[in-house]
Amino acid sequence: MNKKALLNLSIVILVTLLAACGGGAVAPTESAGGSTTPQKGGAMIIAYKDDLATLDPAIGYDWTNWPAIKMVFDGLLDYDSGTTITPRLAETLPTVSADGTVYTFKLRKGVKFSNGREFNADDVVYTITRVLDPKTGSPGAGFFVGIKGAQDFIDGKATSVEGIKALDANTVEFTLNSPDVTFLNKMAINFSFIVPKEEVEKAGENFGHAPVGTGPFTLKEWKSGESLTFERNPNYFYEGLPYLDSITIQVGVAPDVALLRLEKGEIQMMGDPPPGADWARITSDSAWANRIEKQPTVNTTYIAINTTAPPFDNLKVRQAFNYAIDKQRIVQLLNGRATVANQILPPLMPGYDPAYTGYGYDPEKAKALLKEAGFENGFETSIECISVDPQPKLCESFQQDLAKVGIKLTINNLAAPNVIDDAGNGKTPLVWSGGLAWTQDYPDPDDFYAPILGCDSNIPGGWNWSRYCNKDLHAKSIELLSMTDRNARLEAYKPLFKALMDDAVWVPVINGEYDVAHSANLHGQPTLSHPEHLFIYETMWMSQ
Amino acid sequence: MFTLLTRRLLQAIPVLFGISVITFLLIYYLPADPARMYAGPSATVATVPRIRHELGLDLPLWEQYGRYMQRVFSGDLGFSYRKQIPVTSLLLSRIPYTLALICGGIFVELLIGLPVGLASAVARGQWMDRLGMFIALVGVSAPPFWLGLLLLYWLGYLIPIFPLGGTGSLRHLILPSLTAGLGGAAWYARMMRSSTLDILSADYIRTAHAKGLRNILVILRHVLPNALNPIITMAGLDIPWFIGGVVLVERVFDWPGVGRLAVEAIETVDVPLILGTVIFTAIIVVISGIVIDLAQGFADPRIRQGKL
Amino acid sequence: MALCSPKTNMKINSRRNLIAELPADKANASLNVLSAPVESGAFAMAWRRLRHDRTAMFGGAFVILIVLVAILAPVLSPHDPTEQFRDGLTLDGQPVPSTLFMKTGPNFPLGTDANGRDLLSRILYGARISLLVGVLANLLAVTIGTFVGSIAAYFGGWLETILMRFTDMMMAFPTLLLAMTLVAILKPSVWIIILVIGAVYWTWIARVIYGQVLALRDRDFVIATRALGAGRLFTLFHHILPQLFPTIIVWGTLGIATNVMLEASLSYLGIGVQPPTPSWGGMIQQGQSFYRAAPWLVIFPGLAIMLTVFAFNLFGDGLRDALDPTQSGRS
């Protein structure tokens, strides 16, 4: 998953101390050992630095708006408190045909949108079609192109998508071009959250600011640039949820100010991780015990190397870069809130290879490789980083590392959309993905290949910043998508990702952490954060 | 008076027109592609040319300008690429904050600067004068963003008197206003001192003293009004710099005003927003200039009558 | 030729001149620029006055000190300003405070910054950027401004209208925003910044020069020169321009103060010189998130800016006084 504006790189997963009291990992449904039962009521305030761009599920694609969108909308499927898929707007998990290409969903009855109308199968057809529709401009369209007839629809050759059919008011059938074991994950992702046609058409472009959905909360008020207020949806189909009466998201609050407001009790939660400058202070302060939840997100942060831009089309140069970077230093600069990454997949992603050692820190070897490649005297190049703290600081560390092997690096600190744009269009030879990418959209290794390193994403504006297309690997990845034996499949991904590392398409630098600072009376059920959704607002509650 | 107003307004029109043209040209030559910016980072290949056509970015430059100005006059300043809301409503929601900050800043400037300047002039040569002018010189030399951070540190964190950023009450306005105004206060102090000294040596002041008027009355009734005259003129020239200072202060304190909006717009290459905010701030400058001119016309009858 | 009394001058000057003569920005502490023309021998007299003005001489010495520091930065700095040290950060990545009073260990007299670089070295090298930008940008601004202002005032007619309207228009832009937009269009680098600051600042000088030349244009000695058959350009260059030298000198000095401040502001907003080159404003921007845990990151670079601007203001003030002591405002 890509983030437009993650403020701080540091992202860690630990289980909350509540769960730790219970010992070990928390099971999906049991409440954390030793905690009290959730109480209903309370108003929670969370503060973010960046503004929320939109609440339209088809458009929103960053860590700020995803959890908020989940407040107002639901999808057919969802995850439990971990990574297991559970039905949500669907009554049960779908039935899959023998060849794995047809998914039939039976929908829950009696679910209402906040405008009073009951949800039905036509809404599902409308929602997914809308995501695929080029006019919508959804960044998630790529997840659904595997549906039969989707490409024809996108190309304008058809007026609807053949593979999505409403069989009756409560049954929807999806037909895929080929088997895809990740399809269920795609039906749990934000882009698949159901929207009501009449409201979308009524609001037009403004739907993202006046959302109507089936979710646990409704948007009550949006003061642009200041705050968004959500209220409990009394008709929510899950009995007893949500616990909180209202949630206010404040925006435009710098993390250090947010931290101080949290300390004073003016807010209950920080949307961004606490700033590095205060980290030492709060971790050594006993008043802060139990108030920082660490969520190791499934993330790798890397330097993307544009493999089509000379001299980076030379494998030895790319490998030299991998040896030249001091990753431990980056961890130190991040107050230890990260771990060194040596491969594409993060440790928590299934398919991760613990035996793989990758490239280590070896400036001498880097210099030797550069010499072999014919660049004994180094060369000049540039990197783009987002201008949000601490990314520029980290890029300056790269600058020093590369200077030591003779490379003169110019740093271009730009705003996130500019970096994403330049990187997507191959306008810069190097990009530091800190603050932007890449965290999983769903727990499957294909999510770390197809959207960012696969041939299909090697298009102008795509997220394949390495501009890399290896047809053999691509064909292999398609094969792997239809493998049904889970263990064999995961094993089969190891050589694929090793091949990518051998080709040195990236310099994977760290796996990040996400630290959530919150007040003592705010609890999650079981935790405030979630490996897939980042924050689960509906199960948060406040003790009085 | 009326003729003065009309004259100034007519003069302002070509200025505003020129500003809009220059700004538009500047934006036109920005290296980033606005259509891509608008489409967002994850748009598909086909979306971008379509958006470019929708936004009219494939039209010749003068046509684009014409369309833009047409919309401006009907109150539509375009749609912010990044924030996905109309620029006009964005501006309107931020204007009150910037206005509050401007008022606060001017308040500080005048309230501190003018009396200090006056007192220094009256106590010319003595220690109070020297000290006052020394502090003023220091104040003028200190970067406003540095002052702001120091104030935040000392009066917000070490001794938590004031809140650390954010809005919501008068107390939140104090530190930002101080930051915006202290530099100017120092400047006005020096100006006031000079202007007052000019007046103090004039004949009519000596006459007033000779008449037996008490010093304080002389100062208040004769010196002060005349000394303020040139100050008003200088204040008019100060506006473009003051707005720049407001931008910096809004940055330091995360104040949700137009200045910070402009900085965000420039950073994210949000073309309509840049156009909107720059034109808006330029309008403020021009209008303040006219207001100052009128104030001067009010204060000095010679100007009103066109004799000066 | 007798010097006119400045007060009389101010009364008979048109109101336009009054405005034109008054400088506008706050970093520039000068109050009134000269309105009286300069006669021969005036420079010698001015120099004598300057020498006896203790504050001005102090300011001048201060300026020289800062210039020396900038030039001698490599000698004075304990370290390379771009080197990020292992022990420049604590174990959990925080900047290290001053090690002045520690007998052993690394030498960081003012502590380190967020990347583990020595702050003192960066401040000393930062002087180079500030002075370079300040002096060159101001040079550019004064050149353009003098050119535009004098031509507009002297030749009059439509040229005057166009030039001064254009100047008015440029002045209506909020200075900082205009600079930011320009730098955003052209990628930030030292030379672009110099260009942009100069391109934004010249208007103020143009105004002042305009007023002055307007006043001088109708003076007897100019009319006499023309009557003798001198060409217009010749008159402009040989007779009017030298009269402007005091103004130019004063603005040339005080303008440096303003431009140093502008450069610092641009760097603070993140569009100044690029890393790893140290710039005082940029250092404050990088350090501001640490202002609670490591306030020295903000205090010292800001102090450097303030002292530099202060020095140029002090000296510039003194120059102004020396070049025209009949101006009020000084004891």
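Rings of Phe, Tyr and Trp (for Trp, the six-membered ring) count as a pair if their centres lie within 6.5 Å. With that in hand, here are some close-ups of this predicted model.

**View 1. A cluster of aromatic rings in chain A.** Ring pairs tie Y61(A), W63(A), W66(A), F143(A), F191(A) and Y442(A) together into a cluster. Over all chains, the structure holds 38 aromatic pairs.

**View 2. W463(A) and W465(A), a stacked pair.** The ring planes of W463(A) and W465(A) sit at 25°, with the centres 5.1 Å apart, so this pair is stacked. W463(A) has 8% relative accessibility and counts as buried. W465(A) is buried too, at 3%.

**View 3. W187(B) and Y188(B), an edge-to-face pair.** Here the planes of W187(B) and Y188(B) are at 80° and the ring centres 5.2 Å apart, so we call the pair edge-to-face. W187(B) is buried, with a relative accessibility of 0%, and Y188(B) is buried at 4%.

**View 4. An arginine over a tryptophan.** R337(A) lies over the face of W279(A). The distance to the ring centre is 3.8 Å.

View 5. Chain C has 13 helices and 0 strands. Of its 331 residues, 62% are buried. Take the contacts in chain C with a separation of 6 or more: 75% of them are between residues 24 or more positions apart. The accessible surface of chain C is about 12,700 Å², and carbon and sulfur atoms account for 70% of that area.

Note on methods:
Residues numbered from 1 in each chain as written. Chains lettered and ligands numbered in written order. Predicted model: local features only at pLDDT ≥ 70, side-chain atom pairs only at ≥ 80, totals over all residues. Heavy atoms only, no water. Helix = DSSP H or I, 4+ residues; strand = E, 2+ residues; numbered from the N terminus. Buried < 20%, exposed > 50% of the residue type's maximum accessible area, 1.4 Å probe, protein only. Contact = heavy atoms within 4.5 Å. Areas by Shrake-Rupley, 256 points an atom, 1.4 Å probe, with all protein chains shown as cover. Phe/Tyr/Trp six-rings, centres within 6.5 Å; stacked < 30°, edge-to-face > 60°. Lys NZ or Arg CZ within 6 Å of the ring centre and 35° of its normal.
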